[in-house]
Amino acid sequence: MAAPSASSGFRGAIECLCAHRVEFIVVGGIAAVLNGAPISTFDLDIVHQRTPENVARLMAALAALDARYRDLAGRLLRPQIEAIAGDGHHLLLTNCGPVDVLGRIGAGEGFDELRGESNSHLLGDLKVVVLNLSALIRTKQAAGREKDLAVLPILRRTLSESEG
């Protein structure tokens, strides 16, 4: 598969992940946007299923995306299968922009815990699994980072408006 162009942004990264049949859940800012929240975001955050088969498919997708760690020292560091199979955070730069590959979010929730709180969304012709707003709010609150807490009022208002 040819790598998407740099101009294709997060959509190109999602297309590549889907083409490689990677099981993942879109979380973070893109999940908020796909759920109707009026926010800006600059990276694609995913939580992936960490089975050996899925990690192998993810590694193939990351290779196609020319993924490397965002490194302030300018070193070219590529993701390794042992690290991607773990539950840590991998802040990567790809030819489609920043992609954060996350083993767990919030209070330590991974793919299996989050799958039941996710919905399928159509992104053009792609069917993408996206964390719902309630779970996104909960995980951002549990993370407790300033940038996560700052977006909570917008997410809560969007959830309230969608329920009302």
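## Packing of H6 and H7

Helix H6 (residues 133–143) packs against helix H7 (residues 146–163) at an angle of about 160°, and their axes lie 9 Å apart. H6 is therefore roughly antiparallel to H7 (a term for angles over 145 degrees). Axes are lines fitted to C-alpha atoms, for helices over the stretch in contact, with angles from 0 to 180 degrees between N-to-C directions. The crossing of the two helices, H6 and H7, is left-handed, that is, the near helix is turned anticlockwise from the far one by less than a right angle.

On the H6 side the contact (heavy atoms within 4.5 Å) involves Leu 133, Ser 134, Leu 136, Ile 137, Lys 140, Gln 141 and Ala 143. H7 contributes Asp 148, Leu 149, Val 151, Leu 152, Leu 155, Arg 156, Thr 158 and Leu 159.

## Basis of the model

The model is predicted: local features need pLDDT of at least 70, side-chain atom pairs count only at pLDDT 80 or more, and totals for chains, interfaces and linings use all residues. Residues are numbered from 1 along each chain as its sequence is written, and side-chain values use heavy atoms, leaving out hydrogens and water.

## Overall fold

Seven helices and seven strands make up the secondary structure of the chain, taken as DSSP runs (helices H or I, at least four residues; strands E, at least two) numbered from the N terminus. Their order along the sequence is α-β-α-β-α-β-α-β-β-α-β-β-α-α.

The C-alpha trace spans about 45 × 35 × 30 Å along its principal axes. Of the 164 residues in the chain, 46% are buried (under 20% relative accessible area, 1.4 Å probe, protein chains only).

Definitions and conventions:
Parallel < 35°, antiparallel > 145°, perpendicular 65-115°, else oblique. Buried < 20%, exposed > 50% of the residue type's maximum accessible area, 1.4 Å probe, protein only.
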